Amino acid sequence: MAELTGRAAGISKGKGGSMHMFSVDHKFYGGHGIVGAQVPLGTGLAFAHKYRGDGGVCMAYFGDGAANQGQVYEAFNMAALWKLPIVFVVENNGYAMGTAVKRGSAETEFYRRGTAFRIPGMDVNGMDVLEVRAAAEIALEYVRGGNGPVLMELNTYRYRGHSMSDPAKYRSREEVQEMRDKHDPIEAAKAELLARGITEDRIKDIDKRIRSIVAESADFAENSPEPAMSELYTDVLVESY
Ligand SMILES: Cc1ncc(C[n+]2csc(CCOP(=O)(O)OP(=O)(O)O)c2C)c(N)n1
Ligand SMILES: [Mg+2]
């Protein structure tokens, strides 16, 4: 929250924001303004894991729009060739900003897109938390076994616009409402918990606790100072020669 609101207490000292949030300590390497750039960068991180033999796996997330960038396929090729420990995760929410998948993509089943590189694909319901968890376990076991990358497609949806300047005129209200009513992952998780004998009261309690964590984080962020002017040029460029 502090990073999102540009505060000195943020994980990138308030200078990354949502777009360039980055923290070596948290092993979180972006947010990138260049759509799809995180895929080759993630492949490089996976190369480092393999080179160092530290047992790490890189998770590289990108959208259905980003999946049409050429650099993604260069990264797929090298990751498969060198059997790098990486899970490529396409979050297919149906739209690249405002462009529907079928208007911009020749192959709309993104899990198939690793086929040319012999990367196995997984077609996953991204609105089902347990299905995502189970799929991730399978993918991680495969990757940790030294078999090279996996490509996972998480089929999902975003209720809001791509950004604050997106009025979302490219889809109907009914479409959004239908997703909320019939496919909401949090409502489905709640139903799952109830079915497993967790009481309504306990769920309300969890909900309350989460709301208070979020509210406290937002308060902390809003009440934290912005970076000092003297920090304007620090941590912006690293010269390593
Ligand atoms: C190389 C590049 N081209 C275009 C843009 C502008 N742009 C920002 S987001 C976006 C669409 C990305 O679509 P998707 O990956 O599906 O993300 P979503 O809109 O679902 O968040 C585009 C074209 C950009 N940031 N970088
Ligand atoms: Mg998208």
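## Report on the predicted model

Aspartate 235 is placed in the segment after helix 7 (200-222); helices (H or I, at least four residues) and strands (E, at least two) are DSSP runs, numbered from the N terminus. The model is a predicted one, in which local features need pLDDT of at least 70, side-chain atom pairs count only at pLDDT 80 or more, and totals for chains, interfaces and linings use all residues. Residues are numbered from 1 along each chain as its sequence is written, while chains are lettered from A and ligands numbered from 1 in the order in which they are written.

Aspartate 235 counts as exposed because 12 other C-beta atoms lie within 10 Å. Here a residue is buried if 20 or more other C-beta atoms lie within 10 Å of its own, exposed if 12 or fewer, and partly exposed in between, with C-beta atoms placed from the backbone. Leaving aside residues up to four places away in sequence, aspartate 235 touches Lys13 and Lys15; two residues are in contact if their C-beta atoms, placed from the backbone, lie within 7 Å. Aspartate 235 and lysine 13 are 222 residues apart along the chain, and their C-alpha atoms are separated by 9.1 Å.

Lysine 13 belongs to the segment before helix 1. Threonine 5 lies in the segment before helix 1 as well, and its contacts, not counting residues up to four places away in sequence, are Ala221 and Glu222. Between threonine 5 and leucine 45 there are 40 residues of sequence separation and 28 Å in space, C-alpha to C-alpha.

Most residues other than glycine have a negative phi. Lysine 13, although not a glycine, has a positive phi of about 60 degrees, and arginine 118, also not a glycine, has a positive phi of about 60 degrees. Arginine 118 is located in the loop between helix 3 (101-104) and strand 5.

| Residue | Other C-beta atoms within 10 Å | Class |
|---|---|---|
| Aspartate 235 | 12 C-beta atoms | exposed |
| Threonine 5 | 17 C-beta atoms | partly exposed |

### Overall architecture

The protein chain has seven helices and six strands, and from the N terminus on its elements run α-β-α-β-β-β-α-β-α-β-α-α-α. Its C-alpha atoms fill a box of roughly 50 × 50 × 40 Å, taken along the principal axes. Of the 241 residues, 22% count as buried. Among contacts with a separation of 6 or more, 66% are between residues 24 or more positions apart.

Four strands form an open sheet in the order 1-2-6-5, with parallel pairing; two strands pair if DSSP finds at least two bridges between them. Strand 1 (58-63) and strand 5 (121-125) are the edge strands, each pairing on one side only. From one strand to the next the twist averages 20 degrees, where axes are lines fitted to C-alpha atoms, for helices over the stretch in contact, and angles run from 0 to 180 degrees between N-to-C directions.

Strand 6 (residues 150-155) pairs with strand 5 in the parallel sense over five bridges. In this strand, methionine 152 stands opposite methionine 122, and leucine 151 is the bridge partner of glycine 121. Strand 2 runs parallel to strand 6 and is joined to it by six bridges; asparagine 92 has asparagine 155 of strand 6 as its bridge partner.

Six of the six residues of strand 6 are buried. Val150, Met152 and Leu154 cover one side, and Leu151, Glu153 and Asn155 the other.

### The nonpolar core

A nonpolar core is a set of buried Ala, Val, Leu, Ile, Met, Phe, Trp, Tyr and Cys residues joined through C-beta atoms within 7 Å. The largest such core has 28 residues, of which Ala60, Ile86, Val87, Phe88, Val89, Val90 and Met152 touch the most other members. Helix 1 (38-52), strand 1, helix 2 (70-81), strand 2 (86-92), helix 4 (129-144) and strand 6 each supply at least two residues. Strand 2 gives the most, with five residues. Phenylalanine 88 touches Val39, Ala60, Pro149, Leu151 and Met152, not counting residues up to four places away in sequence.

The residues around ligand 1 are Gly33, Ile34, Val35, Gly63, Asp64, Gly65, Ala66, Asn93, Tyr95, Ala96, Met97 and His162, each with its C-beta atom, placed from the backbone, within 6 Å of the ligand. By class, this shell has six nonpolar, five polar and one charged residues. Ala, Val, Leu, Ile, Met, Phe, Trp, Tyr, Cys and Pro count as nonpolar, Asp, Glu, Lys and Arg as charged, and the others, Gly among them, as polar.
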